[in-house]
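Visitor: I would like to learn how to read charged side-chain pairs in a model of this kind. Could you take me through them slowly?

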Amino acid sequence: MLFKRRARMLGWVMCRRVGPLWMWNTLLVFGVIAFASQLLGYIFNKSSSSIQLAAHAILSSSDSQGPSLGSCSPHTHIMFLKTHKTASSTVTNILYRFGEEHHLRFALPLGYQLGYPLPFVANRVKGYQSPGAQEFHIMANHLRFKKTEVEKVMPADTFYFSIMRDPVAIAESSFDYYKATTPAFWKAKTLGDFADDPWKYYNPRARNNHYARNLLWFDFGMDHNANFSVSLARRGEALIRHTFKLVLMTEFFDQSMILLRHALCWPLDAVVSFSLNARQRKLGGRGGGSGRSQSNPVLSEDQQEKLRQWNAFDCFIYDAFNRTFWEKVDKFGKSRMEEEVGLLRKRREALTRLCLRDGGKPIEAHHIRDKTIRPYQSGLVKILGYELQPGLDNSTRIACLRMIRPELQYKDLLDAKQFPRTRGQQSDHRIQTDSGLMKAGRGKSEPV
């Protein structure tokens with residue numbers, strides 16, 4: 001209708017025109033361009049509104065809640081022992097998201113780890129004063145477990161849980177990630193060389209060599225260099241069972257999330273995640289979704305067995321808690337588990353389509369245009385990240401960004417919210433990572 005009115009008007013003017021013909025032709029062209037711009041703007045706004053409606057429909061869908069949890073109340077006092085090379089960064093992201101969304105208080109480190117690899121002490125928590133002086137809801141950063149000190153920080157009703165992985169897979173990932181910082185790995189050309197003769201490379205007194213032997217056992221606070229015996233291993237297992245009510249399995253991550261959801265009484269979307277801190281795939285990988293670097297070729301069966309003997313304590317507790325894990329799955333119900341895992345994967349696919357660019361394919365950090373969400377790089381392999389879909393509305397972008405924000409940046413965000421700085425305060429932004437103390441600046445990290 002608008003176009004017809006303008007056309008009639010222009011036709012009337014041109015029939016009674018004053019001035020050269022070219023001027024009126026020019027006016028006609030500009031009129032058509034203006035109309036086309038209005039039409040395109042209308043189409044774009046309508047399309048944008050449709051996208052926003054679709055996004056909100058996905059985020060607010062009843063599927064986001066998952067099957068009924070009954071009359072339980074959500075747990076908000078949680079201690080997660082963040083073990084190394086076990087997909088624990090993805091679990092920490094889940095806890096960070098839930099805590100941020102529900103305005104919970106985190107037991108955050110002064111740097112980026114809670115004193116690791118030294119045994120944990122309560123005063124490593126930022127803002128800690130004395131037992132019971134302030135309420136902390138979630139503890140989820142790397143620490144070497146010491147129950148008496150953790151209990152000074154966390155309330156008595158805290159739910160303790162952790163995650164384990166096949167020790168051979170941990171060794172593969174550790175060799176890639178910690179080779180530059182672990183003396184036991186420095187001179188070994190490949191992990192197979194190390195497995196063939198560990199004592200040729202390993203010094204039990206050398207700093208950071210805990211990454212090379214019984215790393216799970218070490219993270220749980222026990223002596224990773226002790227001589228193996230079944231009785232000592234059983235005592236360690238019993239100590240873990242006494243405190244940790246749930247131990248997840250990296251190789252069965254989705255099933256683990258269902259057990260965790262029911263243990264914490266959380267909605268389904270709270271445990272839906274994208275894999276974070278994942279290594280680049282090259283030659284195929286072992287459990288947990290990791291890749292294998294060119295300097296870490298496939299291990300022979302004999303080398304794998306040697307690594308199991310070398311990590312005997314880790315293998316013992318992994319086997320024990322893997323059995324317990326499947327006992328819990330049986331108790332939960334296998335068909336029920338399959339149904340809920342299917343729902344979880346369906347939600348992950350929906351959120352991937354909504355949130356992530358290029359179908360959710362992880363990409364190398366230097367290809368991520370937003371430098372604030374580039375994952376920290378360490379070791380021989382590249383750590384991958386994600387890019388968000390363009391054009392997301394603000395609320396959807398916030399929800400999606402929480403799911404892909406790397407751990408170090410997320411910790412900084414929570415720290416800034418929990419301990420707001422006054423204007424003019426200067427912060428020494430230093431990143432204490434597994435590889436040592438690093439200094440962050442302009443999207444890069446340099447040793448100091």
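**Reading the salt bridges**

Guide: Let us begin with one residue of this predicted model: Lys-126 has a relative accessible area of 21%, and is therefore partly exposed, since buried would require a value under 20%.

Visitor: With which residue does the side chain of Lys-126 meet in a salt bridge?

Guide: The general idea is that side chains of opposite charge can pair when their charged atoms come close. Here the partner of Lys-126 is Asp-415, with 2.9 Å from N to O. Lys-126 lies in the loop between α3 and β2 (138-139), whereas Asp-415 belongs to helix α15, so that the pair links distant parts of the chain, 289 residues apart.

Visitor: Is Asp-415 buried or exposed?

Guide: Asp-415 counts as buried, because its relative accessibility is 3%.

Visitor: Where in the chain do Glu-407 and Lys-82 lie?

Guide: Their side chains meet in a salt bridge of 3.3 Å, N to O, which joins Glu-407 in helix α15 (residues 407-418) to Lys-82 in the loop between β1 (78-81) and α3 (88-101), 325 residues apart. Both Glu-407 and Lys-82 are buried.

Visitor: How far apart are the closest N and O atoms of Asp-370 and Arg-397?

Guide: They are 3.8 Å apart, and the pair links the loop between β5 (363-364) and β6 (384-385), which holds Asp-370, with helix α14 (residues 394-404), which holds Arg-397. Asp-370 is partly exposed at 27% relative accessible area, and Arg-397 is partly exposed at 35%.

Visitor: How many salt bridges does the structure hold?

Guide: There are 21 salt bridges, and bridges with shared partners join Glu-100, Glu-101, Arg-402 and Lys-417 into one network.

Terms used
Residues are numbered from 1 along each chain as its sequence is written. This is a predicted model: local features need pLDDT of at least 70, side-chain atom pairs count only at pLDDT 80 or more; totals for chains, interfaces and linings use all residues. Side-chain values use heavy atoms; hydrogens and water are left out. A salt bridge is a side-chain nitrogen of Lys or Arg within 4 Å of a carboxyl oxygen of Asp or Glu. Helices (H or I, at least four residues) and strands (E, at least two) are DSSP runs, numbered from the N terminus. Buried means under 20% relative accessible area, exposed over 50%, partly exposed in between (1.4 Å probe, protein chains only).
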